[in-house]
Amino acid sequence: MAHLIYSAISSLDGYIEDTDGNFDWAMPDEDTHQFINDLERATGTYLFGRRMYEIMMAWETEPALAATSPITRDFAEIWQAADKIVYSRTLEAVSTRKTQIERTFDPEAIRRLKETAKQDIAIGGPDLAAHAFRSGLIDECHLFLAPILVGGGKQSLPDDVRLELELLEERRFGNGMVFLRYRTKHG
């Protein structure tokens, strides 16, 4: 059975973007990016909301992004090889291969996907992930904490969910970022 993993780069005060919608402070250095690539290799399917998909699709639609370094080229190849499901009521069409649109988040469909998938499933974007947290679907959280306080913006984790976590792994990077890997304790 595949795991559903929520992964986010967050400020130390818990935001994925600041009040102006900026997240330039969250860009990983090469060491951190290589670590992310190694984690992402186990991902066979990405679940995105519309906004996260529109940010991430650049890894396929903007070749200059991948050409920046061997590490970014590697990430682009990992991302492009995976299946993608975009949850949106407004998106008319997708701009990337191996991508489908779903109009509503169906917890039972995700449970079936977890049972049949041969590789792990990653969920990106805190709004979509909040639905999965509330439905008891998240198996692991991969949190990258950036050494910055932004004072507000879009939260990385939902307010109205109580869930116990077990720390499985931690790692510090030279840029001050910290990786925390948690398993959820359901029931």
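Reply: The lining of the largest pocket divides into 26 nonpolar, 12 polar and 10 charged residues. Here Ala, Val, Leu, Ile, Met, Phe, Trp, Tyr, Cys and Pro count as nonpolar, Asp, Glu, Lys and Arg as charged, and the others, Gly among them, as polar. This is a predicted model: local features need pLDDT of at least 70, side-chain atom pairs count only at pLDDT 80 or more, and totals for chains, interfaces and linings use all residues. Residues are numbered from 1 along each chain as its sequence is written, and side-chain values use heavy atoms, with hydrogens and water left out.

The largest pocket holds about 1400 Å³ of space. A pocket is found on a 1 Å grid over the protein atoms alone, as an open set of points where a 1.4 Å probe fits, with protein on both sides within 12 Å along at least five of seven lines; lining residues have an atom within 4 Å of a point. Grid points are joined across faces, edges and corners, and the volume is the space filled by probe spheres set on them. Of the 48 lining residues, M52, I55, M56, G124 and G125 are the closest to the centre. Helix 2 gives the largest share of the lining, five residues. Helices (H or I, at least four residues) and strands (E, at least two) are DSSP runs, numbered from the N terminus.

Now the cores. A nonpolar core is a set of buried Ala, Val, Leu, Ile, Met, Phe, Trp, Tyr and Cys residues joined through side-chain atoms within 4.5 Å. Buried means under 20% relative accessible area, exposed over 50%, partly exposed in between (1.4 Å probe, protein chains only). The largest core has 24 residues; Y46, Y53, W79 and F144 touch the most other members. Elements giving it two or more residues include helix 2 (50-56) and helix 5 (70-81). Helix 5 supplies the largest share, four residues. A second, separate core of 23 residues includes I16, Y87, I123 and A132.

A132 is also one of the buried residues of helix 7 (residues 126-134). G136 follows helix 7, with a positive phi near 70°.

Last, a charged residue. E60 lies in helix 3 (residues 58-61). E60 counts as buried because its relative accessibility is 17%. Beyond its neighbours within four places in sequence, E60 is in contact (heavy atoms within 4.5 Å) with W79, Q80, K84, T96 and R97. E60 and Q80 are 20 residues apart in sequence, yet 6.3 Å apart in space, C-alpha to C-alpha.
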